[in-house]
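Here is a short briefing on one protein model. Keep the sequence and the 3D view at hand while reading.

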Amino acid sequence: MTSLRQSIKGLARITPETLSTRLGRVWAYVCYNLFDHGFLRIWWTNLEEIAPGVWRSNQPGPQRMAQYARMGIKSVLILRGSGEKAHFQLEQEAAARHGIKLHILGIHARKADRASALLALLKTFEEIEGPWLMHCKSGADRAGLASALYLLSIGRPLSEARKQLSWRYVHLKSTLTGVLDVLLDQYEETLEEEPMDIKTWLETRYDRARLTKEFQEGRRHGKPWPRK
């Protein structure tokens with residue numbers, strides 16, 4: 001089974017050189033649609049403007065990158081990291097073709113990130129040229145958390161930011177991705193004690209270990225999240 005997984009991983013390895021041949025390009029699209037489920041995102045985009053000039057979506061294919069260019073999008077923030085995968089190589093190529101600048105970060109959907117990763121996200125929000133768009137794979141969890149943090153970073157209320165993590169975007173807090181809701185719960189606990197912006201909270205009060213422990217215990221004992 002391990003050797004089979006390794007073989008599939010090797011076959012799915014896509015590089016810029018892969019895209020330089022006709023056969024390689026065809027295989028890249030096969031990998032994109034088969035292994036990354038790109039066929040599901042042909043009509044389902046999870047695209048929404050969350051603030052003036054700031055958008056969220058799921059993983060765009062090359063045609064959607066062309067659409068984003070026509071919309072005036074100047075920058076795209078990838079929340080999936082980079083690598084020798086079809087989705088990244090095709091997006092990188094399309095971005096260069098349409099003059100869109102890519103910003104690349106890797107954050108998690110099913111576990112709490114380090115404070116440094118979340119602070120790097122806030123820093124990117126300050127530096128990225130707009131209009132801009134952020135995305136993960138499905139546009140549900142990582143994009144939801146990033147969107148919530150963006151709204152908090154510009155002074156929007158927590159109640160509004162929470163809406164970015166909802167079933168409307170196919171975010172299901174009853175699954176492992178509910179750990180993202182607990183992060184907002186813990187920020188709310190601090191706000192009940194004293195006013196504090198999200199950056200200061202991440203720098204001084206964010207406790208990744210406590211967050212992970214409380215979420216795991218909440219699931220184990222059937223407690224509802226987010227906190228009521």
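Two strands count as paired if DSSP finds at least two bridges between them. By that rule, β1 and β2 pair, in the antiparallel sense and over 3 bridges. The model is a predicted one. Its sheet is open, has 5 strands and shows mixed pairing. The points below cover the sheet, its helices, backbone details, an aromatic pair and a cavity.

**Sheet**
- The strand order is β1-β2-β5-β3-β4.
- β1 (48-51) and β4 (101-104) are the edge strands. Each has a single partner strand, so one side of each lacks a neighbour in the sheet.
- On average, neighbouring strands of this sheet are turned by 25° against each other, direction ignored.
- Strands of a sheet pair through backbone hydrogen bonds, and the sense is either parallel or antiparallel.
- Strand β2 (residues 54-57) runs parallel to strand β5 (residues 132-135), with 4 bridges between them.
- Ser-57 stands opposite His-135 in β5.

**Helices on the sheet**
- Helix α3 (residues 62-71) packs on the sheet and touches β2, β3 (75-78), β4 and β5. The direction of α3 makes about 165° with that of β2.
- Helix α4 (residues 86-98) also packs on the sheet, with contacts to β3, β4 and β5. Its direction makes about 145° with that of β4.

**Hairpin**
- β1 and β2 form a hairpin, with 2 residues between the strands.
- Gly-53, in the turn, has a positive phi of about 80°.
- Glu-49 has Trp-55 in β2 as its bridge partner.

**Backbone details**
- The peptide bond from Gly-130 to Pro-131 is cis, and its omega is near -5°.
- Pro-131 lies in the loop between α5 and β5.
- His-37 is not a glycine, yet it has a positive phi of about 60°.
- His-37 is placed in the loop between α2 (22-34) and β1.

**Aromatic pairs**
- The structure holds 5 aromatic pairs.
- One of them joins Phe-125 and Tyr-150. Their ring centres are 5.3 Å apart and their planes stand at 90°, so the pair is edge-to-face.
- Phe-125 belongs to helix α5 (residues 115-127) and Tyr-150 to helix α6 (residues 142-153). The pair therefore ties together parts that are 25 residues apart in sequence.

**Cavity**
- How many cavities of 30 Å³ or more does a search of the whole structure find? The search finds 1.
- The largest cavity holds about 40 Å³ of space.
- The residues lining the largest cavity are Lys-111, Ala-112, Asp-113, Leu-118, Leu-145, Val-179, Leu-180, Leu-183, Tyr-206 and Leu-211.
- By class, this lining has 8 nonpolar, no polar and 2 charged residues.
- Helix α8 (residues 179-193) gives the largest share of the lining, 3 residues.

Key. Residues are numbered from 1 along each chain as its sequence is written. This is a predicted model: local features need pLDDT of at least 70, side-chain atom pairs count only at pLDDT 80 or more; totals for chains, interfaces and linings use all residues. Side-chain values use heavy atoms; hydrogens and water are left out. On a 1 Å grid over the protein atoms alone, a cavity is a set of points where a 1.4 Å probe fits but cannot get out, and a pocket is an open set with protein on both sides within 12 Å along at least five of seven lines; lining residues have an atom within 4 Å of a point. Grid points are joined across faces, edges and corners, and a volume is the space filled by probe spheres set on the points. Ala, Val, Leu, Ile, Met, Phe, Trp, Tyr, Cys and Pro count as nonpolar, Asp, Glu, Lys and Arg as charged, and the others, Gly among them, as polar. Axes are lines fitted to C-alpha atoms, for helices over the stretch in contact, and angles run from 0 to 180 degrees between N-to-C directions. Contact means heavy atoms within 4.5 Å. Rings of Phe, Tyr and Trp (its six-membered ring) pair if their centres lie within 6.5 Å; planes under 30 degrees apart count as stacked, over 60 as edge-to-face and the rest as tilted.
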